[in-house]
Amino acid sequence: MSTYKKEVDTADALHRIRITLTSRNVKNLEKVCSDLKRGAVDKKLKVSGPVRLPTKKLRITTRKAPSGEGTNTWDKFEMRIHKRLIDLHAAADVVKQITSISIEPGVEVEVTVVDSQ
């Protein structure tokens, strides 16, 4: 038996890439998702998503009166955090070209690369 190993160039190897987008503004988030997907489809990559994950609702209830005197009136504040997932099957250098688009303010992008086997 031979102990010869075939070398694989990491730039040409296909990777499974998961892009996670997070924002408080849905409009900006959807715009970035559509731009990323359009760029991937133009490069003829296998794309799945955007998958819409459940919205996190951060709630704070506080008293209106600073002294605690008077009627018990309350203010309710809520911040919604929206999240989207996009999966790509592509080489790492192609993903760098796709993710170089202008990203709207308030949108956080997290790119996770997993070797597909």
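Modeller: Buried means under 20% relative accessible area, exposed means over 50%, and partly exposed is in between, with a 1.4 Å probe and protein chains only. One caution: this is a predicted model, where local features need pLDDT of at least 70 and side-chain atom pairs count only at pLDDT 80 or more, while totals for chains, interfaces and linings use all residues. Residues are numbered from 1 along each chain as its sequence is written, and side-chain values use heavy atoms, leaving out hydrogens and water.

Biologist: Where is Ser23 found, and which residues does it touch?

Modeller: Ser23 is in strand S1, residues 15-23; strands are DSSP runs of E with at least two residues, helices are runs of H or I with at least four, and both are numbered from the N terminus. Leaving out residues up to four places away in sequence, Ser23 touches Leu29, Arg80, Ile81, His82, Gly106 and Val107, where contact means heavy atoms within 4.5 Å.

Biologist: What polar atoms lie by the side chain of Ser23?

Modeller: A polar atom of that side chain is 3.0 Å from the backbone nitrogen of Asn25, and the backbone oxygen of Gly106 lies 3.2 Å from a polar atom of the Ser23 side chain. A polar contact is a pair of N or O atoms within 3.5 Å; within protein, one must be able to donate a hydrogen and the other to accept it, and residues adjacent in sequence count only if both atoms are side-chain atoms.

Biologist: Why are Arg18 and Asp87 called a salt bridge?

Modeller: The label needs a side-chain nitrogen of Lys or Arg within 4 Å of a carboxyl oxygen of Asp or Glu. The side chains of Arg18 and Asp87 meet at 2.9 Å, N to O, so the pair is a salt bridge. The two are 69 residues apart, with Arg18 in strand S1 and Asp87 in strand S3.

Biologist: How many salt bridges does the structure hold?

Modeller: Nine. Glu104 forms one of them with Lys31, the closest N and O atoms being 3.6 Å apart.

Biologist: What makes the largest nonpolar core a core?

Modeller: A nonpolar core is a set of buried Ala, Val, Leu, Ile, Met, Phe, Trp, Tyr and Cys residues joined through side-chain atoms within 4.5 Å. The largest one has 15 residues, and those with the most contacts inside it are Ile19, Leu21, Leu36, Ile86 and Leu88. Helix H1 gives the largest share, five residues.

Biologist: And why is Leu53 called partly exposed?

Modeller: Leu53 has a relative accessible area of 28%, so it falls in the in-between class. Leu53 is found in strand S2, residues 46-63.
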